[in-house]
Amino acid sequence: MKLWFRCVMTALLGAWVLAIGAEALAWTYMKETEIRWEAYGEAAFQRAENQKKPLFIFFYADWCPWCRKYEVEALETEAVRQRLERDFVPVAVDVDQQRALFRRHQGRVVPMTLIQTPGGRTILRFQRTFRDVERTFRDVDAFDALLLTGGVGPLVGPLGTEDL
């Protein structure tokens, strides 16, 4: 009886894992998003410099359940979407397609987010945890509105001037 029960439970667990895996594989964030994400590259940095905005660089993978949670529960909320498009140049990087770029930015796990100046200086980095985006915005605001005159300006505030 116990062996039969274990077999049934194992089969049910296996079916559940396969169903979750199939759903995760079917998820493609860039097809679901309402944010106008840009590709990482010269054009995004030039736009940031022209508009005097920092870049919000989001490293993700479609297979990552924490990325999906972050995307759906934080990034895709109306308030965050509006703030991203108003105050930042939003850039999305699929780590499966751009692994070298991910590693160059000391990426180890996804999701990972960087806030960078148009000159490419990282002023805020967080990864591995599901971070409240509104808290991130408050941290960025602490940099005295990111004085970005001329593309790269002094970064002052409680978090200091060093890259995090």
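Q: Why is Phe58 called buried?
A: In this predicted model, Phe58 has a relative accessible area of 0%. Buried means under 20%. Phe58 therefore counts as buried.

Q: Why is Tyr70 called buried?
A: The relative accessibility of Tyr70 is 2%. The cut-off is under 20%, so Tyr70 is buried.

Q: How many aromatic pairs does the structure hold?
A: There are eleven aromatic pairs.

Q: What makes Phe58 and Tyr70 an aromatic pair, and what kind is it?
A: Their ring centres are 5.3 Å apart, and rings pair when the centres lie within 6.5 Å. The planes stand at 65°. Over 60 degrees counts as edge-to-face, so this pair is edge-to-face.

Q: What does the pair of Phe58 and Tyr70 tie together?
A: Phe58 belongs to strand 1 and Tyr70 to helix 4, so the pair links parts that are twelve residues apart in sequence.

Q: Why is the pair of Phe56 and Phe88 called edge-to-face?
A: The angle between the planes is 75°, and the class needs over 60 degrees. The centres are 5.9 Å apart, which is within the 6.5 Å limit. Phe56 sits in strand 1 and Phe88 in the loop between helix 5 and strand 2, so this pair ties together parts that are 32 residues apart in sequence.

Q: How do you know whether Phe56 and Phe88 are buried or exposed?
A: Phe56 has 0% relative accessibility. Phe88 has a relative accessible area of 1%. The limit for buried is under 20%, so Phe56 and Phe88 are buried.

Q: Which residues do ring pairs link into a cluster?
A: The cluster holds Tyr29, Trp37, Phe56, Phe58, Tyr60, Tyr70, Phe88 and Phe126.

Q: Why is strand 1 called largely enclosed?
A: Six of its six residues, 55–60, are buried, so the rest of the structure largely encloses strand 1. In a regular strand, side chains alternate between the two faces of the sheet. Here both faces are covered. Leu55, Ile57 and Phe59 are buried on one side. Phe56, Phe58 and Tyr60 are buried on the other.

Q: How do you know that strand 1 pairs with strand 2 and strand 3?
A: Six bridges join strand 1 to strand 2 (residues 89–94). Five bridges join strand 1 to strand 3 (residues 112–116). Pairing takes at least two bridges, so strand 1 pairs with strand 2 and with strand 3. Strand 1 runs parallel to strand 2 and antiparallel to strand 3. Ile57 stands opposite Val91 in strand 2, and Phe56 stands opposite Ile115 in strand 3.

Q: Which residues touch the most other members of the largest nonpolar core?
A: They are Trp37, Phe56, Phe59, Leu75 and Leu84, out of 36 residues in that core. Strand 1 supplies the largest share, six residues.

Q: What is Trp37 in contact with beyond its neighbours within four places in sequence?
A: Its contacts include Phe56, Phe58, Leu75, Leu84 and Val91.

Q: What makes the buried residues of helix 5 line one face?
A: Val80, Arg81, Arg83 and Leu84 are the buried residues of helix 5. Seen down the helix axis, they fall within an arc of 165°, so they line one face.

Q: How many helices and strands does the protein have, and how much of it is buried?
A: There are seven helices and four strands. Of the 164 residues, 41% count as buried.

Methods:
Residues numbered from 1 in each chain as written. Predicted model: local features only at pLDDT ≥ 70, side-chain atom pairs only at ≥ 80, totals over all residues. Heavy atoms only, no water. Buried < 20%, exposed > 50% of the residue type's maximum accessible area, 1.4 Å probe, protein only. Core = buried A, V, L, I, M, F, W, Y, C linked by side-chain atoms within 4.5 Å. Contact = heavy atoms within 4.5 Å. Arc of directions from axis to C-beta. Phe/Tyr/Trp six-rings, centres within 6.5 Å; stacked < 30°, edge-to-face > 60°.
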